[in-house]
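Please keep the sequence and the model in view while reading.

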Amino acid sequence: MLFIAQWGSAIEVEPICSLRLLGGGHSFAGQRGAFSGNASLLLATAMRVSERWALLPIVASSYQGAKQASELAGAGTLFQEEMDHKGKFLAVYSRPGSPWSIKPSLGYRVQLLKETKDESWTKGLFDNHTLGLGVEAEWARRESFSARFAYDYAYSFFPNHASLESQAPGGLSRDFTGAGVLDSHSNMGSVSAAWDLGAGAEAETSLRLTQQLYGDQHLLTPSGLLSGDTREDFRTSWKGGVRLPLRPTGDWRVSASLELSAENLASNQGSYDARRVRHLPGFYNYGQLSASPGLRVFHGEERRPLVLSLMGSWSWRRYPYRPVQDSYGAYQGASLRQHTWLFGASLSYPVARRVSLLFDAKLLRAHTNQGYQALYRYDYSATNYLFGFSYDY
């Protein structure tokens with residue numbers, strides 16, 4: 001505050017507010033969930049405090065009672081309700097005439113997850129907190145091209161995991177036994193670039209490398225015991241996309257997009273199947289390819305148009321060291337693979353100044369070569385629908 005106060009009345013302030021209130025429902029593997037609602041609020045203030053410094057404090061909160069079909073991909077633990085609260089402070093330093101700008105940031109996130117309706121908030125087994133620090137350098141010599149280089153550090157911890165572990169039905173996986181085994185330190189480096197291709201077309205690409213260290217999660221040995229070494233994951237992800245405006249007709253404007261991505265996770269942690277007395281090294285390793293086309297149709301004035309969005313997504317994931325099982329659990333020779341398809345449509349319809357009605361629906365289908373799904377679903381379908389309104393200032 002002392003830093004800001006020295007500029008006094010010279011500060012230029014631009015407040016931002018975005019509110020979403022939605023209701024709807026979902027189905028998963030043929031079972032319908034109850035009608036519920038989602039809510040989110042974003043508050044931010046862009047402040048130009050001098051010709052070299054700009055500040056952007058951001059606060060965001062959300063509640064989710066209606067599951068999104070896209071969030072069910074992977075079919076892990078299905079949480080009944082979620083709350084997410086984030087605060088971030090971003091600063092931007094740039095000198096007039098220089099192509100470089102530096103953007104340090106500090107953030108904190110609290111995620112609260114309820115596995116059952118009668119569970120109390122802040123008491124969930126997977127409630128987690130994350131502290132994040134980062135810095136980004138952006139180079140923009142001309143308006144048609146920019147490049148960004150970033151480093152981020154994050155520390156995540158699960159305050160309730162050890163105290164509730166003994167209450168988990170049947171116990172957790174052997175590698176998740178103990179206190180602080182989900183806590184992690186992450187180092188993330190990324191490089192990205194964006195191009196203006198002319199005539200409203202844009203392209204962008206990014207590469208991110210992430211090292212995640214689990215200091216209290218010890219590695220499993222072939223005998224099922226824990227060794228003195230701890231888990232380390234290394235994730236490599238690439239993403240590239242292009243957006244193309246199509247020829248407008250009157251008040252109608254159309255934009256098409258295509259995004260491609262690839263991801264690889266390498267982990268030194270394995271798993272141990274005590275029932276079949278088998279050690280599975282490289283259990284968490286996977287490679288994934290994805291493609292996501294999209295189409296957006298705009299009608300009306302540019303500042304507040306009607307927007308119809310259509311999207312699709314295909315992804316293929318392979319676990320090279322996770323052998324597939326038959327319906328009885330016996331291990332086979334092939335490695336586990338999963339395909340997912342996601343289709344969605346949404347509509348934003350302006351009804352008043354800053355207020356729009358929202359409609360959204362998605363359908364997801366996942367298919368796998370895994371026959372044994374008593375503990376974890378790989379093969380399923382999921383749908384969700386949401387409707388409500390937004391307020392943007």
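Strands, as named here, are DSSP runs of type E with at least two residues, numbered from the N terminus. With that term in hand, the hairpin formed by E10 and E11 can be described: five residues lie between the two strands, and Gly 224 in the turn has a positive phi of about 90°. The model is predicted, and the points below are grouped by topic.

**Strand pairing and hairpins**

- Strand E10 covers residues 201–220 and strand E11 covers residues 226–249; the two pair in the antiparallel sense over 15 bridges.
- Within this pairing, Arg 208 has Ser 237 in E11 as its bridge partner.
- E11 also pairs in the antiparallel sense with strand E12 (residues 252–267), over 15 bridges.
- Here Gly 241 has Glu 259 in E12 as its bridge partner.
- E11 and E12 form a hairpin with two residues between them, and Gly 250 in the turn has a positive phi of about 65°.

**Aromatic pairs**

- A pair of aromatic rings is described by the distance of the centres and the angle of the planes.
- Eight aromatic pairs are found in a search of the whole structure.
- One of them joins Trp 53 and Tyr 93 in a tilted arrangement, with 5.1 Å centre to centre and 55° between the planes.
- This pair links distant parts of the chain, as Trp 53 is in strand E4 and Tyr 93 is in strand E5 (residues 81–94), 40 residues apart.
- Tyr 93 is partly exposed, because its relative accessible area is 25%, a value between the limits of 20% and 50%.
- Tyr 63 and Trp 121 form an edge-to-face pair, with 6.4 Å centre to centre and 70° between the planes.
- Tyr 63 lies in strand E4 and Trp 121 in the loop between strands E6 and E7, so this pair ties together parts that are 58 residues apart in sequence.
- Trp 139, Phe 145 and Trp 195 form one aromatic cluster.

**Charges over rings**

- Arg 276 lies over the face of Tyr 372, at 5.1 Å from the ring centre.
- The charged end of Arg 322 sits over the ring of Phe 283, at 3.8 Å from the centre of that ring.

**A buried loop residue**

- Asn 160 is found in the loop between strand E8 (145–157) and helix H2 (161–165).
- Asn 160 counts as buried because its relative accessibility is 14%, and buried means under 20%.
- The side chain of Asn 160 reaches the backbone oxygen of Gly 124 at 3.0 Å.
- Residues touched by Asn 160 include Thr 122, Leu 125 and Asp 127.

Definitions and conventions
Residues are numbered from 1 along each chain as its sequence is written. This is a predicted model: local features need pLDDT of at least 70, side-chain atom pairs count only at pLDDT 80 or more; totals for chains, interfaces and linings use all residues. Side-chain values use heavy atoms; hydrogens and water are left out. Two strands pair if DSSP finds at least two bridges between them. Helices (H or I, at least four residues) and strands (E, at least two) are DSSP runs, numbered from the N terminus. Buried means under 20% relative accessible area, exposed over 50%, partly exposed in between (1.4 Å probe, protein chains only). A polar contact is a pair of N or O atoms within 3.5 Å; within protein, one must be able to donate a hydrogen and the other to accept it, and residues adjacent in sequence count only if both atoms are side-chain atoms. Contact means heavy atoms within 4.5 Å. Rings of Phe, Tyr and Trp (its six-membered ring) pair if their centres lie within 6.5 Å; planes under 30 degrees apart count as stacked, over 60 as edge-to-face and the rest as tilted. A charge sits over a ring if NZ of Lys or CZ of Arg is within 6 Å of the ring centre and within 35 degrees of the ring normal. Lists of a residue's contacts leave out its neighbours within four places in sequence.
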